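Here is a quick walk through a protein model, with an eye on its charged pairs and its nonpolar packing.

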Amino acid sequence: MSHPGRAEATTAASPARKPSDDEIDVYGLTHPGKVRAVNQDSFLVASLRKRMDVHLTSLPEIGQLKLDDDRLAFLAMIADGVGGGAKGEVASRVALEQITQYVTQSVRSYYGADARADSFIEVLEAAAMQTHAQVLQRADQDPALKGMATTLTVFIGVWPWVYVLQVGDSRYYVYREGELHRITRDQTMAQELVDQGVLTRTDAFNSRLANVLSSAIGGSQTAPVVTRLQSDWRNIHLLCSDGLTKHVSDERIRERLAAMTSAKQVCEALLQDALDDGGSDNVTIIVGRAVRKDQGGQ
């Protein structure tokens, strides 16, 4: 797709079926770290469904009917608030509340239209901009919240596709068959200078500009990027705030995911790695994967 705020990565053949609910292994956690008094991170993991609730019926065998309770989409989101005092905490919470509302209101996009169409990506871009406007409005209404902002990284699985909405420097990774791929790009001033060839990656990591966002929900600039990838049973998905990546290298993340026994186990192990290295920031991690229960083909 030729669009400055969009990227696309696909694999070969599309899997024939999506994982059932009991084949999804997902876990998320957040921790204030060892230095910060307030946790400004927020996260959410949820399923969107088109459900039929039967209230009254004359049918005697209602349990044998196939009710439409299919999972339409799977969501995972992280927001890392910035701003002094409680500002960041409020910004991250408001961002997740608003983006959840907009995505849910647009649920028709999951089953009433082709999820591969540009219109679906435009829904996500619009949701980010509406969320940005809501955070700004909330700050205008309360002088104590002036200057609050937040990152926003949203994973939406609409089988057989995955959409990732990115604003800021929280990250989304995919691990598959021994390789770790960072899908998102940090929207920081340091990364901008790396892209321009002014700084090396090492210099950027050590620069104070590594903590200065070039794009944020509620910030002076916001530039949402939507990436589309094809779903794959072999993928392990990881979302995290920069409280993890400040202390844990991509190689260590890869090693942890390669050896994981469950989503809960690997989230707790990565959190401990971040704390052992100093835990200078809030840490939020979500890991999800599909685990086949049958032995047959897809």
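A salt bridge here is a side-chain nitrogen of Lys or Arg within 4 Å of a carboxyl oxygen of Asp or Glu. Keep in mind that this is a predicted model. By that cut-off the structure holds 23 salt bridges.

One of them pairs Arg 17 with Asp 294, whose closest N and O atoms sit 2.7 Å apart. This pair ties together distant parts of the chain, 277 residues apart: Arg 17 is in the loop between β1 and β2, while Asp 294 is in the segment after β12 (283-290). Both also belong to a network of salt bridges that links Arg 17, Glu 23, Arg 292 and Asp 294.

The loop between β1 and β2 also holds Asp 21, which reaches Arg 71 in strand β4, 50 residues apart. Asp 21 is partly exposed because its relative accessible area is 42%, whereas Arg 71, at 8%, is buried.

| Pair | Closest N to O |
|---|---|
| Arg 17 and Asp 294 | 2.7 Å |
| Glu 192 and Arg 185 | 3.0 Å |

Staying with that loop, which spans the stretch between β1 (6-9) and β2 (24-31), we find Ser 20. Its side chain makes a polar contact of 2.5 Å with that of Asp 22. Ser 20 and Lys 293 are 273 residues apart along the chain, yet their C-alpha atoms are separated by 9.3 Å.

Now for a charge without a partner. Asp 169, in the loop between β7 (161-167) and β8 (171-176), is buried yet has no salt bridge. The nearest side chain of opposite charge, Lys 246, is 6.9 Å away. Leaving aside neighbours within four places in sequence, the contacts of Asp 169 include Thr 151, Asp 186, Gln 187 and Asp 242.

What about the nonpolar side? The largest nonpolar core has 32 residues, and Ile 99, Leu 152 and Ile 156 have the most contacts inside it. At least two residues each come from β4 (71-82), α1 (87-105), α3 (118-141), β6 (152-158) and β7. The largest share, eight residues, is from α1. Another core lies apart from it, with 22 residues, among them Tyr 173, Val 248, Val 266 and Val 287.

As for α1, its 19 residues reach 27 Å from first C-alpha to last, close to the 27 Å expected. Its buried residues include Val 90, Val 94, Leu 96, Ile 99 and Tyr 102.

Definitions and conventions: Residues numbered from 1 in each chain as written. Predicted model: local features only at pLDDT ≥ 70, side-chain atom pairs only at ≥ 80, totals over all residues. Heavy atoms only, no water. Helix = DSSP H or I, 4+ residues; strand = E, 2+ residues; numbered from the N terminus. Polar contact = N/O pair within 3.5 Å; in protein donor to acceptor, adjacent residues only side chain to side chain. Buried < 20%, exposed > 50% of the residue type's maximum accessible area, 1.4 Å probe, protein only. Lys, Arg positive; Asp, Glu negative; His and termini not counted. Contact = heavy atoms within 4.5 Å. Core = buried A, V, L, I, M, F, W, Y, C linked by side-chain atoms within 4.5 Å. Expected span 1.5 Å × (residues − 1).
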